[in-house]
Each structure stands twice: as structure tokens, then as C-alpha cells.
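Thank you all for coming.

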Amino acid sequence: MNQADPKASGHNEEQEGRFSSSLFDWSESIVFSLIIVVVVFTFLFRMISVSGQSMEPTLLDRDMMVVSNLAYAPDRGDVVVVNKPTTQFGSIVKRVIAVGGDTVDINFATGDVMVNGEVLDESYIKEPTYTAEGMAFPVTVPEGQLFLMGDNRNRSNDSRDPQIGLVDERYIIGHVLGVVFPFSSFGGV
């Protein structure tokens with residue numbers, strides 16, 4: 001008869017105990033990491049995909065952006081994501097052209113956009129602004145509102161369109177920090 005070695009059986013139990021302890025530690029770490037990621041991307045940052053061509057050349061269709069609204073106050077030139085519930089467009093990505101108190105005027109013959117009487121230096125646009133979209137200019141932006149435009153001016157539904165018009169700052173989902181995917185577009189905005 002073969003008898004089991006008592007030392008060998010204790011050794012196996014010890015290994016199994018270390019394995020389950022190690023497995024528990026790994027599982028605990030993974031769950032904790034997932035909770036942190038969920039909290040960060042729920043309350044601090046969001047990942048949002050661009051839909052359409054209205055922000056070319058700055059943002060391309062299907063670019064994945066990191067957006068944050070943490071302690072954010074809109075400023076001219078910022079790229080923001082807004083969700084104006086009174087429109088059919090859903091969430092839109094646009095550039096802040098004017099904030100409350102600013103007066104916007106557009107010369108559609110020359111394509112110039114003016115804020116408070118000064119022509120904007122818009123190196124980020126695809127082409128000058130030639131399409132009116134239906135809003136009468138000049139327009140003074142009330143406090144708490146924004147005038148937004150896409151960088152692809154002649155292919156953008158934005159504040160020039162009465163269906164969108166001026167956008168209340170409360171509808172800001174966040175400002176765009178940068179593009180994370182595709183990697184060829186990776187970087188800040």
C-alpha cells in the first residue's frame with residue numbers, strides 16, 4: 001500500500017491557498033480599477049464621437065474626442081459639445097464665436113465674421129463664411145447664451161440657422177480637450 005506523504009498534501013493546500021489569495025487580489029484590483037474608470041468618465045471626462053463634416057479641418061467625421069465640463073466657463077474660440085433639446089440635431093460640436101454681450105456680424109460677400117466690430121482671424125476654418133442659413137445680422141448675444149459656428153462654415157448647421165440659433169450655456173455637455181482616436185488625429189484641439 002502506498003501512503004500519501006503528509007508533507008506533500010500540506011504543500012498542495014498551501015499552494016492552492018496562495019493561488020486563491022492571489023486570484024482574489026487580482027480580481028479586487030481589476031474591479032477597483034474599473035470603478036475608478038467609470039467614475040472618471042462619468043463625472044470628469046466623456047468620450048464623444050464626431051458625426052459629420054461641420055468641424056473640418058479641426059475635427060473629422062468619426063474622430064473620438066475627450067470632453068470635460070469640470071469647472072468650465074465658455075470662452076471665444078473654444079470647441080464645445082452642446083445638446084440643445086429644442087432642435088432635431090441632438091448633440092452638436094461647434095466653436096464658440098461669441099459669448100454673452102458680444103455682437104456678431106457676418107459679411108457673406110467677403111466671408112468675414114466680425115465680433116464687436118473686429119474681423120476674426122480664423123486660421124482654423126476650412127473656407128470663408130458665404131452661407132447665411134437664415135439668421136438676420138448683426139445679432140447681440142444675450143448673457144448666458146453663445147453664438148456657435150462649425151469650422152467648415154459652408155457645410156455646418158450652427159447659430160446662423162434659426163433652428164439652432166443662440167445656445168444657452170446650460171446646454172454645454174463639455175469642451176473638447178483633444179482627439180484620442182484615430183491615432184493619426186491624436187492631439188489637442
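Let me start with the lining of the largest pocket, whose residues divide into seven nonpolar, eight polar and two charged, and let me say at once that this is a predicted model. The pocket itself has a volume of about 270 Å³, and of the 17 residues that line it, those closest to its centre are S51, S54, S91, I92 and V93. Which strand gives the largest share of this lining? That is strand 4, with four residues, although strand 1, residues 45-49, also supplies at least two.

Now to the nonpolar cores. The largest one has 13 residues, and V104, F137 and F147 are those with the most contacts inside it. At least two residues of this core come from each of strand 4 (91-99), strand 5 (103-107), strand 6 (112-115) and strand 9 (145-149).

Finally, I would like you to look at T129, which lies in the loop between strand 7 (118-119) and strand 8 (139-140). Is T129 buried or exposed? T129 counts as buried because its relative accessible area is 0%, and the cut-off for buried is under 20%. The side chain of T129 makes a polar contact with the side chain of R153, at 3.1 Å, and T129 also touches other residues, including I106, F108, M149 and R160.

Notes:
Residues numbered from 1 in each chain as written. Predicted model: local features only at pLDDT ≥ 70, side-chain atom pairs only at ≥ 80, totals over all residues. Heavy atoms only, no water. Buried < 20%, exposed > 50% of the residue type's maximum accessible area, 1.4 Å probe, protein only. Polar contact = N/O pair within 3.5 Å; in protein donor to acceptor, adjacent residues only side chain to side chain. Contact = heavy atoms within 4.5 Å. Core = buried A, V, L, I, M, F, W, Y, C linked by side-chain atoms within 4.5 Å. 1 Å grid on protein atoms, 1.4 Å probe; cavity = no way out; pocket = protein on both sides within 12 Å on 5 of 7 lines; lining within 4 Å. Points joined across faces, edges and corners; volume = space filled by probe spheres on them. Nonpolar A, V, L, I, M, F, W, Y, C, P; charged D, E, K, R; others polar. Lists of a residue's contacts leave out its neighbours within four places in sequence.
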